[in-house]
Amino acid sequence: MAVEHDGLLQGFTVDGGTSGAVASGPVADLLDHEGHARRAYGVTDPALVLVRPDNHLALLTRDPAEVTAYLTRIATFTPEE
């Protein structure tokens, strides 16, 4: 997705496991073993979370196509004058 949006996106994986150990599979960029990020953004299940630069939640979904659609909308948005 970041490639499609010319560097407008930074992607991170967050492991929310309570053991502090990363489950089998890709290694997470960040560990949230105490659940701070999940609580802050209201995430209860595995999800894709798009956070704006001001730390507000822009999008919460499980569908990667929704992230792409959202980024396409904001990247092509032209305010009316």
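**View 1. Strands β3 and β4 pair up in this predicted model.** Strand β3 (residues 48–51) and strand β4 (residues 57–61) run antiparallel, and 4 bridges join them. Two strands count as a pair if DSSP finds at least two bridges between them. Helices (H or I, at least four residues) and strands (E, at least two) are DSSP runs, numbered from the N terminus. Look for Leu50: its bridge partner in β4 is Leu59. In a regular strand, side chains alternate between the two faces of the sheet. This is a predicted model, where local features need pLDDT of at least 70 and side-chain atom pairs count only at pLDDT 80 or more, while totals for chains, interfaces and linings use all residues. Residues are numbered from 1 along each chain as its sequence is written, and side-chain values use heavy atoms, with hydrogens and water left out.

**View 2. Here is the turn of the hairpin, with Asn55 in it.** β3 and β4 form a hairpin that has 5 residues between them. What is the phi of Asn55? Asn55 has a positive phi of about 70°, although Asn55 is not a glycine. Most residues other than glycine have a negative phi. Asn55 sits in the loop between β3 and β4 and is exposed, because its relative accessible area is 53%. The cut-offs go like this: buried means under 20% relative accessible area, exposed means over 50%, and partly exposed is in between (1.4 Å probe, protein chains only).

**View 3. Arg52 and Asp54 meet in a salt bridge.** Their side chains come to 2.5 Å, N to O. To count as a salt bridge, a side-chain nitrogen of Lys or Arg must lie within 4 Å of a carboxyl oxygen of Asp or Glu. Side chains of opposite charge can pair when their charged atoms come close. Arg52 is partly exposed at 36% relative accessibility, and Asp54 is partly exposed too, at 42%. How many salt bridges does a search of the whole structure find? That search turns up 1.

View 4. Is Thr61 buried or exposed? Thr61 counts as buried because its relative accessible area is 8%. Leaving out residues up to four places away in sequence, Thr61 touches Ala47, Leu48, Glu66 and Val67. Contact here means heavy atoms within 4.5 Å.

**View 5. Pro64 belongs to helix α2.** Pro64 is partly exposed, with a relative accessible area of 42%. Pro64 and Leu48 are 16 residues apart in sequence, yet 7.3 Å apart in space, C-alpha to C-alpha.

**View 6. Six residues make up the largest nonpolar core.** They are Leu9, Leu50, Leu59, Val67, Tyr70 and Leu71. Helix α2 (residues 64–75) gives the most to this core, with 3 residues. A nonpolar core is a set of buried Ala, Val, Leu, Ile, Met, Phe, Trp, Tyr and Cys residues joined through side-chain atoms within 4.5 Å. Zooming out, 16% of the protein's 81 residues count as buried. The protein has 2 helices and 4 strands, and from the N terminus on its elements run β-β-α-β-β-α.
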